Every structure is written in structure tokens, then in C-alpha cells.
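Morning, everyone. I have one structure to walk through today. Have a look at the sequence and the fold first.

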Amino acid sequence: MQNYRDIIKGPIMTEKSNDLKVNNVVTLSVDPKANKTQIKQAVEKVFNVKVESVNTVTVRPRKKRVGKYTGYTNKVKKAIVKLKDGSSIELN
């Protein structure tokens with residue numbers, strides 16, 4: 001990865017991720033090839049915060065059908081990032 005902004009795709013806004021914000025936890029969509037160390041460095045550089053821990057979940061492609069055509073959804077990697085006390089990210 002050359003650029004930190006290539007690693008972070010965007011925030012994931014769900015009810016569960018909004019409930020986790022109270023505990024200084026942010027959920028982000030990241031590049032499937034990125035590892036935890038790269039994700040931690042990217043979040044610290046882009047958002048200028050301190051990261052305590054990073055957990056990742058790889059979501060497998062699911063089969064979808066539109067009419068007679070079948071295909072698969074994209075492979076997605078989610079990063080659940082816990083920030084240190086005093087750090088916060090405002091995602092709208």
C-alpha cells in the first residue's frame with residue numbers, strides 16, 4: 001500500500017456501529033488486502049488519533065440474483081477500531 005487513504009474506504013453506518021461509538025469504537029470499511037498494522041497506521045495518520053486495538057472481519061461474497069442473471073456481491077473487509085481515551089472521530 002502506497003497511500004494511507006487507499007486503505008480506508010469509508011465508514012460503516014449501522015445501528016450496531018452507532019451504539020459502539022459510546023465506547024470509542026469506530027467501524028470502517030477497508031481494503032481486503034490490508035492487515036491490522038497497516039489499518040492502525042492509516043487511521044492514526046488520516047484522522048490524527050491514537051488507536052488502542054484493531055479487530056477485522058472479512059465478509060465473504062454472497063450470491064445474488066436479478067431476474068435470470070446471477071452473480072456475487074463484492075468481498076468486503078470491516079475494521080473495528082478502538083480508540084484510546086481522549087481520541088474521537090466524527091463521521092457523518
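Let me start inside, at Ile 39. Setting aside residues up to four places away in sequence, Ile 39 touches Ile 7, Val 30, Ala 34, Val 54, Thr 56 and Ala 79. Contact here means heavy atoms within 4.5 Å.

A word on the source. This is a predicted model, where local features need pLDDT of at least 70, side-chain atom pairs count only at pLDDT 80 or more, and totals for chains, interfaces and linings use all residues. Residues are numbered from 1 along each chain as its sequence is written, and side-chain values use heavy atoms, with hydrogens and water left out.

Back to Ile 39. The largest nonpolar core has 17 residues, and Ile 39 is one of those that touch the most other members, along with Leu 28, Val 43, Val 81, Leu 83 and Ile 89. A nonpolar core is a set of buried Ala, Val, Leu, Ile, Met, Phe, Trp, Tyr and Cys residues joined through side-chain atoms within 4.5 Å. Buried means under 20% relative accessible area, exposed over 50%, partly exposed in between, with a 1.4 Å probe and protein chains only. Strand 2, helix 3, strand 3 and strand 6 each give two or more residues to this core.

Now the overall layout. The protein has three helices and six strands. From the N terminus, the order is α-β-α-β-α-β-β-β-β. These are DSSP runs, numbered from the N terminus: helices are H or I with at least four residues, strands are E with at least two.

Which strands make the open sheet? Four of them, in the order 1-2-6-3, with antiparallel pairing. Strand 1 (8–11) and strand 3 (51–59) are the edges, each pairing on one side only. Neighbouring strands are turned by 30° against each other on average, direction ignored. Helix 3, residues 36–47, packs on this sheet and touches strand 1, strand 2, strand 3 and strand 6. The direction of helix 3 makes about 120° with that of strand 3. For angles, axes are lines fitted to C-alpha atoms, for helices over the stretch in contact, and the range is 0 to 180 degrees between N-to-C directions.

Inside the sheet, strand 2 (residues 25–30) and strand 6 (residues 76–83) pair antiparallel over six bridges. Pairing requires that DSSP finds at least two bridges between the strands.

Is Lys 77 buried or exposed? Buried, at a relative accessible area of 12%. Its side chain reaches the backbone oxygen of Ala 34 at 2.6 Å. Beyond four places in sequence, Lys 77 has contacts that include Leu 28, Asp 31, Pro 32 and Thr 56.

Over in strand 2 sits Thr 27. Thr 27 counts as buried too, at 9% relative accessibility. Among its contacts beyond four places in sequence are Pro 11, Leu 20 and Ala 79.

Next, the hairpin. Strand 4 (residues 63–66) and strand 5 (residues 69–72) pair antiparallel over four bridges. Val 66 has Tyr 69 as its bridge partner. Two residues lie between the strands, and Gly 67 takes a positive phi near 65°.

Last, the whole chain. Of its 92 residues, 28% count as buried. Among contacts between residues at least 6 apart in sequence, 57% join residues at least 24 apart.

Key:
A polar contact is a pair of N or O atoms within 3.5 Å; within protein, one must be able to donate a hydrogen and the other to accept it, and residues adjacent in sequence count only if both atoms are side-chain atoms.
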